[in-house]
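I opened this structure today and kept short notes as I went. The entries follow in the order of my look-ups.

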Amino acid sequence: MKRSTVNNIIAEADGFIRSFGYRLPPFAYWSPSDMKARRDEIGGIVDARLGWDITDYGEGRFDELGLFLFTVRNGRAADLTAGRGMLYAEKIMISRRDQLSPMHRHVVKAEDIINRGGGTLALELFASGPDGSIDRAAPVAVPTDGVTRHLAAGDVLKLAPGESVTLHPGVWHAFWAEDDDVLIGEVSTVNDDLTDNVFAEPLSRFSGIEEDAEPRYLLVSDYEAWLGAAGR
């Protein structure tokens, strides 16, 4: 993706998020130079990979295959192992109308996907087979706001604004917005986008960046190059 395109997506996303009364934390608006100057005090941001995240899954078709994300908070894998501490994460995301977030599952992370406003959020769901692959025959049971829904393999669950679904590890899911763009909330166990996304097709979780402009803000995928390696 071109950096100029990333900058434009960030500006549009910020306006869309604000239109629903949601406010990002102050660090969202720190410039790259601000973050470099404060590097010694922002280990909690860098290590947890909090911040802006825009992906076209390496395919170069963001409007068709892509997702906007901002990680607001994130715990540590060590806390999950210990069974206490900060065991949770939160993201705010935007799925554009008819923009696909492709079929994938998580090994560790359980997540609530919440339609915070806009159009209808559609999710195609499958169970995992014994080897972790997509089971195209088995039914899927998912909690939706405390009520379990029983679906056939490959059924599309549609969430109106205010509705949510809980996806446990191993549930294959792809999603997109219908009717209009959707503001999506994600509340989950600790998030590790470097290792815990298994895609049905060979895709990249993060996009390469063509530096045709100065970054408005850094993406989480910029941190290592711009600020030094994170330590999780």
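**Entry 1: a surface patch.** L80, V107 and V108 make a nonpolar surface patch of about 230 Å². I took patches as residues with over 30% relative accessible area and no salt bridge, with like charges joined within 9 Å and nonpolar side chains (Val, Leu, Ile, Met, Phe, Trp, Tyr) within 5 Å. Areas come from the Shrake-Rupley method with a 1.4 Å probe, and for residues only the protein chains shown count as cover. V107 sits in the loop between strand 4 (101-105) and strand 5 (111-128). Helices (H or I, at least four residues) and strands (E, at least two) are DSSP runs, numbered from the N terminus.

**Entry 2: ground rules.** This is a predicted model, where local features need pLDDT of at least 70, side-chain atom pairs count only at pLDDT 80 or more, and totals for chains, interfaces and linings use all residues. Residues are numbered from 1 along each chain as its sequence is written, and side-chain values use heavy atoms, with hydrogens and water left out.

**Entry 3: the cores.** Next I looked inside. A nonpolar core is a set of buried Ala, Val, Leu, Ile, Met, Phe, Trp, Tyr and Cys residues joined through side-chain atoms within 4.5 Å. Buried means under 20% relative accessible area, exposed over 50%, and partly exposed in between (1.4 Å probe, protein chains only). The largest nonpolar core holds 34 residues. W52, I54, F68 and F70 have the most contacts inside it. At least two residues of this core come from each of helix 1 (3-19), helix 3 (43-48), strand 1 (51-55), strand 2 (67-74), strand 3 (88-95) and helix 5 (223-227). Helix 1 gives the most, with six residues.

I then followed W52. Contact here means heavy atoms within 4.5 Å. Not counting residues up to four places away in sequence, W52 touches several residues, among them I10, D14, F68, F70 and V220. There is also a second, separate core of 24 residues, including Y57, M93, V142 and F199.

**Entry 4: R205.** Which side chains make polar contacts with R205? I used pairs of N or O atoms within 3.5 Å; within protein, one must be able to donate a hydrogen and the other to accept it, and residues adjacent in sequence count only if both atoms are side-chain atoms. The side chain of D53 joins R205 at 2.5 Å. The side chain of D193 joins R205 at 3.2 Å. R205 lies in the loop between strand 12 (198-199) and helix 5. Its relative accessible area is 10%, so R205 counts as buried. Leaving aside neighbours within four places in sequence, R205 is also in contact with other residues, including T55, L69, K91 and F199.

**Entry 5: salt bridges.** I counted a side-chain nitrogen of Lys or Arg within 4 Å of a carboxyl oxygen of Asp or Glu. That rule gives 16 salt bridges.

- R61 and E64 meet at 3.1 Å, N to O. R61 is partly exposed, at 37% relative accessible area.
- E90 and R73 pair up, with their closest N and O atoms 2.5 Å apart. This pair links distant parts of the chain, E90 in strand 3 and R73 in strand 2, 17 residues apart. E90 is buried at 17%, whereas R73 is partly exposed at 35%.
- K109 and E186 meet at 2.9 Å, N to O. K109 is in the loop between strand 4 and strand 5, E186 is in strand 11 (residues 172-189), and they lie 77 residues apart. K109 is buried at 3%. E186 is buried at 5%.

I also noted one network: salt bridges that share partners join D53, K91, D193 and R205.

**Entry 6: helix 4.** A77 is in helix 4 (residues 77-82). Its relative accessible area is 43%, so A77 is partly exposed. A77 and L87 are 10 residues apart in sequence and 7.9 Å apart in space, C-alpha to C-alpha.

**Entry 7: positive phi.** Where does D98 sit? D98 is in the loop between strand 3 and strand 4. Its phi is near 65 degrees, a positive value in a residue other than glycine. D98 is exposed, at 52%. D179 also has a positive phi, about 75 degrees, although it is not a glycine. D179 is in strand 11, and is exposed at 53%.
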